[in-house]
Amino acid sequence: MWTAAEGVMVGWVAREVLRPTVQIHGHEDDIGRLTSLTGLHKALRTALAVILREAGLDASVHGEHLVVVRPSDDRQPEGGGGTPG
């Protein structure tokens, strides 16, 4: 997670997470091939977007990441996520 002009960017950089394993069990040249988990990234991004929307946030795909913002005051959250009452 990191802050950007558009909102909070949420994503997973598999290359950095998996680098130690690849370095032990493979070669530096293998990192790109072994960490391009496109299907897994898309599944995780989709599931996370649904969870964030259900929590009342706006989440949209921006490249390989999600941009997450609070909904504007004139819109009610879709998934509840607000204060009961």
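Mentor: A residue is called buried under 20% relative accessible area, exposed over 50% and partly exposed in between, with a 1.4 Å probe and protein chains only. The model is predicted, so local features need pLDDT of at least 70 and side-chain atom pairs count only at pLDDT 80 or more, while totals for chains, interfaces and linings use all residues. Residues are numbered from 1 along each chain as its sequence is written, and side-chain values use heavy atoms, with hydrogens and water left out.

Trainee: How many helices and strands does the chain have?

Mentor: The chain has 3 helices and 4 strands. Helices (H or I, at least four residues) and strands (E, at least two) are DSSP runs numbered from the N terminus. Their order from the N terminus is β-β-α-α-α-β-β.

Trainee: In what order do the strands lie in the sheet?

Mentor: The sheet is open, with 4 strands in the order β1-β2-β4-β3 and antiparallel pairing. The edge strands are β1 and β3, each of which pairs on one side only. On average, neighbouring strands of this sheet are turned by 35° against each other, direction ignored. For such angles, axes are lines fitted to C-alpha atoms, for helices over the stretch in contact, and angles run from 0 to 180 degrees between N-to-C directions.

Trainee: How many bridges join β2 to β4?

Mentor: There are 3 bridges between β2 and β4 (residues 65–69), and Val10 has Leu66 in β4 as its bridge partner. Two strands count as paired if DSSP finds at least two bridges between them. β1 (residues 2–4) and β2 (residues 7–10) also pair over 3 bridges, with a hairpin of 2 residues joining β1 to β2. Thr3 stands opposite Val8 in β2.

Trainee: And how many bridges are there between β3 and β4?

Mentor: β3 and β4 pair over 5 bridges, in the antiparallel sense. Asp58 has Val69 in β4 as its bridge partner.

Trainee: Which residues does Ala49 touch?

Mentor: Leaving aside residues up to four places away in sequence, Ala49 touches Ala59 and Leu66. Contact means heavy atoms within 4.5 Å.

Trainee: Is His41 buried or exposed?

Mentor: His41 is buried, at a relative accessible area of 14%. This residue is found in helix α3, and its C-alpha atom is separated by 8.8 Å from that of Gly11, 30 residues apart along the chain.

Trainee: How many salt bridges does the structure hold?

Mentor: The structure holds 1 salt bridge, in which the side chains of Arg45 and Glu64 meet at 3.7 Å, N to O. Arg45 lies in helix α3 and Glu64 in the loop between β3 (58–62) and β4, so the pair ties together parts 19 residues apart in sequence. A salt bridge is a side-chain nitrogen of Lys or Arg within 4 Å of a carboxyl oxygen of Asp or Glu.
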